[in-house]
Amino acid sequence: MSSTSSTPVIPSTLLPLILLLLLSGYTAPSEAADCHPADRAALLRVKAQLGDPARLSAWHPSSPNCCAWDPAVVCGGGAGGGRVTALALYSLPDVSARVPPALGELAALEILQVDSVPGLSGPVPASFANLTRLRDLDVNGTSISGPVPAALLAGAANLSTLVIANSKLAGPIPASLAALPNLRYLDLSGNLLTGAIPPGLLHGSFRFLLLSNNRLTGEIPADYGGGDVDTVDVSRNQLTGDPSPFLFGITSPAAKIDLSWNQLEFDMTGVRFPHHLRFLDLSHNRITGRVAKSLMDVRLEHFDVSYNELCGEIPAERFMSAHGAECYAHNRCLCGAPLPPCSTGM
């Protein structure tokens with residue numbers, strides 16, 4: 001369906017930002033209230049450095065109140081006018097530019113979201129070191145390159161969410177990220193990162209470690225099996241070793257574990273999976289032994305142990321009946337429902 005309306009539609013990817021703003025108590029200023037002159041000037045420089053994209057046509061020098069330019073520019077109170085505390089740049093297909101250094105001039109910025117700007121390139125600029133109030137940096141679907149900007153974010157003591165995903169970051173994950181005391185959500189998936197996963201990157205409650213689709217090597221550090229870890233997704237890397245002693249177990253807190261497409265090796269037979277686990281993908285590894293009987297008591301919404309070296313009869317009771325044959329495909333010698341029956345002596 002075509003439309004002649006020029007009003008941009010906020011995509012579903014921005015709904016988490018809007019919800020966060022509402023929960024944080026942000027309120028839009030009135031049309032009469034002007035924004036802070038320094039923030040207005042910075043936003044105009046951001047627009048210019050992006051090449052004046054059509055989506056930002058409302059960002060105009062003739063309009064003094066930058067807080068009313070766009071629903072994705074959110075202001076809070078402050079001396080001299082409203083300060084820009086949250087900004088979302090999204091769906092800018094006509095942009096072909098480097099990350100605007102002027103973003104670092106928004107001194108009161110707490111939330112920055114960049115989504116679906118594939119032509120945005122270059123490293124994170126040095127000016128980001130000025131964003132000391134930043135709590136949420138969420139970048140997805142760009143061509144941003146260079147190293148993970150740990151040094152530039154070192155002053156953002158309140159940073160709890162760091163997402164630079166589906167971009168072109170390269171090099172190792174800096175161990176210095178562990179010095180961010182409130183970081184609990186880290187998503188660097190879909191980049192070109194190499195080397196080992198540093199320990200101790202996450203803090204606080206309800207932690208998420210999302211590092212899939214990179215080139216990471218070595219073993220998964222044991223501390224990601226403790227604390228209040230909700231999700232561990234390190235799929236599609238080149239990780240080795242045996243994470244079962246710390247990632248699994250009746251007391252393990254994780255609800256989602258995706259270790260697929262790695263080179264992990266362990267005997268699954270006696271592994272005890274926690275009852276609250278809801279997502280488990282161990283496919284495309286080198287896991288041996290039998291399918292663990294403890295899985296009978298776990299109501300999994302997603303389950304996959306295909307492409308391993310498992311053998312023996314599949315446990316058939318309780319919640320195991322929900323899993324189809326594809327969950328077990330391409331193993332060494334698994335048998336029993338939903339696969340063909342076992343021969344005598346299996």
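## Cavities

On a 1 Å grid over the protein atoms alone, a cavity is a set of points where a 1.4 Å probe fits but cannot get out, and its lining residues have an atom within 4 Å of a point. The model searched here is predicted, so local features need pLDDT of at least 70 and side-chain atom pairs count only at pLDDT 80 or more, while totals for chains, interfaces and linings use all residues. Residues are numbered from 1 along each chain as its sequence is written, and side-chain values use heavy atoms, with hydrogens and water left out.

The whole structure holds 2 cavities of 30 Å³ or more; a volume is the space filled by probe spheres set on the points, and grid points are joined across faces, edges and corners. The largest cavity has a volume of about 80 Å³. Its lining consists of 13 residues, and Val-99, Val-114, Phe-128, Val-139 and Ile-144 lie nearest the centre. At least two lining residues come from each of β4 (111-115) and β6 (136-140); strands are DSSP runs of E with at least two residues, helices are runs of H or I with at least four, and both are numbered from the N terminus. This lining has 13 nonpolar residues, no polar and no charged ones. Here Ala, Val, Leu, Ile, Met, Phe, Trp, Tyr, Cys and Pro count as nonpolar, Asp, Glu, Lys and Arg as charged, and the others, Gly among them, as polar.

The second largest cavity contains about 40 Å³ of space. Arg-55, Leu-56, Trp-59, Asp-70, Ala-88, Leu-89, Tyr-90 and Leu-92 line this cavity, and they divide into 6 nonpolar, no polar and 2 charged.

## The nonpolar core

A nonpolar core is a set of buried Ala, Val, Leu, Ile, Met, Phe, Trp, Tyr and Cys residues joined through side-chain atoms within 4.5 Å. Buried means under 20% relative accessible area, exposed means over 50%, and partly exposed is in between (1.4 Å probe, protein chains only). The largest nonpolar core has 91 residues, and Leu-282 is one of those with the most contacts inside it. Among the elements that each supply at least two residues of this core are α2 (37-49), β2 (83-90), β4 and β6.

Leaving aside neighbours within four places in sequence, Leu-282 is in contact (heavy atoms within 4.5 Å) with residues including Phe-248, Met-268, Phe-273 and Ile-287.

## Disulfides

With the bonded cysteines numbered in sequence order, the pairing is 1-2, 3-4, 5-6, 7-8.

Cys-35 is joined to Cys-66, with an S to S distance of 2.3 Å. This pair links distant parts of the chain, 31 residues apart: Cys-35 is in the loop between α1 (15-23) and α2, and Cys-66 is in the loop between α2 and β1. The torsion about the S-S bond is about 135 degrees, so this disulfide is right-handed. Cys-35 is buried at 1% relative accessibility, and Cys-66 is buried at 0%.

Cys-67 and Cys-75 form another disulfide, S to S 2.1 Å. This link is left-handed, with -95 degrees about the S-S bond, and both cysteines are buried. In the disulfide of Cys-335 and Cys-342 the sulfur atoms are 1.9 Å apart. Cys-335 is buried because its relative accessible area is 6%, whereas Cys-342, at 25%, is partly exposed.

Definitions and conventions:
On a 1 Å grid over the protein atoms alone, a cavity is a set of points where a 1.4 Å probe fits but cannot get out, and a pocket is an open set with protein on both sides within 12 Å along at least five of seven lines; lining residues have an atom within 4 Å of a point. A disulfide is a pair of cysteine sulfur atoms within 2.5 Å.
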